[in-house]
Amino acid sequence: MIEGSVENPDRGDVPARSQPSISFADYATVHLGLVPALLFSAAWVLQHSAFDMTLASAFFDPISGGFPWRTSPWLDIVGHHAARSLPTSSRPLASQRGRWLTPSRSCARGAPSC
């Protein structure tokens with residue numbers, strides 16, 4: 001067995017996790033300064049450019065005065081019915097993920113099976 005690891009019959013030898021070596025100042029600079037600044041810059045550029053009008057004109061028909069695929073049954077199925085079933089269909093995948101994490105959670109709690 002490797003020193004500093006947890007022996008688990010399902011996953012083999014897993015090295016123990018160490019704390020990340022990032023200082024609070026670096027974390028605050030990136031997450032409280034850099035990320036909001038990048039989001040603000042992107043929003044400002046998109047608002048003051050012609051990108052939104054170019055994108056809207058690609059999906060707008062000036063002759064009919066609306067969206068040309070408004071009556072498409074295919075788009076109705078994909079855009080409304082399939083999108084509505086997405087949360088329901090993703091639930092079994094989430095429950096499987098929870099089962100895969102169960103051995104590591106029980107080891108973290110100090111269960112006798114570890």
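**Getting to know the surface and helices**

The protein exposes about 10,000 Å², with carbon and sulfur atoms supplying 66% of that area. What we look at here is a predicted model.

Student: What elements does the protein have, and how do they run?

Tutor: There are three helices and two strands. From the N terminus on, the order is β-β-α-α-α.

Student: How many of the residues are buried?

Tutor: Buried residues make up 6% of the 114 residues. To count as buried, a residue needs a relative accessible area under 20%.

Student: Where is Trp69, and why is Trp69 called exposed?

Tutor: Trp69 is found in the loop between α2 (51–58) and α3 (73–108). Its relative accessible area is 52%, and exposed means over 50%, so Trp69 is exposed.

Student: Why is Phe67 called partly exposed?

Tutor: Phe67 has a relative accessible area of 31%. Buried would be under 20% and exposed over 50%, so Phe67 is partly exposed.

Student: What makes the pair of Phe67 and Trp69 edge-to-face?

Tutor: The structure holds one aromatic pair. The ring centres of Phe67 and Trp69 are 6.3 Å apart, and rings pair if their centres lie within 6.5 Å. Their planes stand at 70 degrees, and planes over 60 degrees apart count as edge-to-face, so this pair is edge-to-face.

Student: Which residues form the nonpolar patch on the surface?

Tutor: Leu46, Phe51, Leu55, Phe59, Phe67 and Trp69 form the patch, and together they have about 620 Å² of accessible area. Two of its members, Trp69 and Phe59, are ten residues apart in sequence and 8.7 Å apart in space, C-alpha to C-alpha.

Student: How do you know that the span of helix α1 agrees with what it should be?

Tutor: Helix α1 covers residues 24–47, which is 24 residues. At 1.5 Å a residue, α1 should span 34 Å, and its end C-alpha atoms are 33 Å apart, so the two values agree.

Student: Where does α1 bend?

Tutor: The bend is at Leu34, by about 30 degrees, and a proline, Pro36, follows within four residues.

Methods
Residues numbered from 1 in each chain as written. Predicted model: local features only at pLDDT ≥ 70, side-chain atom pairs only at ≥ 80, totals over all residues. Heavy atoms only, no water. Phe/Tyr/Trp six-rings, centres within 6.5 Å; stacked < 30°, edge-to-face > 60°. Buried < 20%, exposed > 50% of the residue type's maximum accessible area, 1.4 Å probe, protein only. Patch = residues over 30% accessible without salt bridge, like charges linked within 9 Å, V, L, I, M, F, W, Y side chains within 5 Å. Areas by Shrake-Rupley, 256 points an atom, 1.4 Å probe, with all protein chains shown as cover. Salt bridge = Lys/Arg side-chain N within 4 Å of Asp/Glu carboxyl O. Expected span 1.5 Å × (residues − 1). Bend = angle between axes of the 7 residues up to and from the residue.
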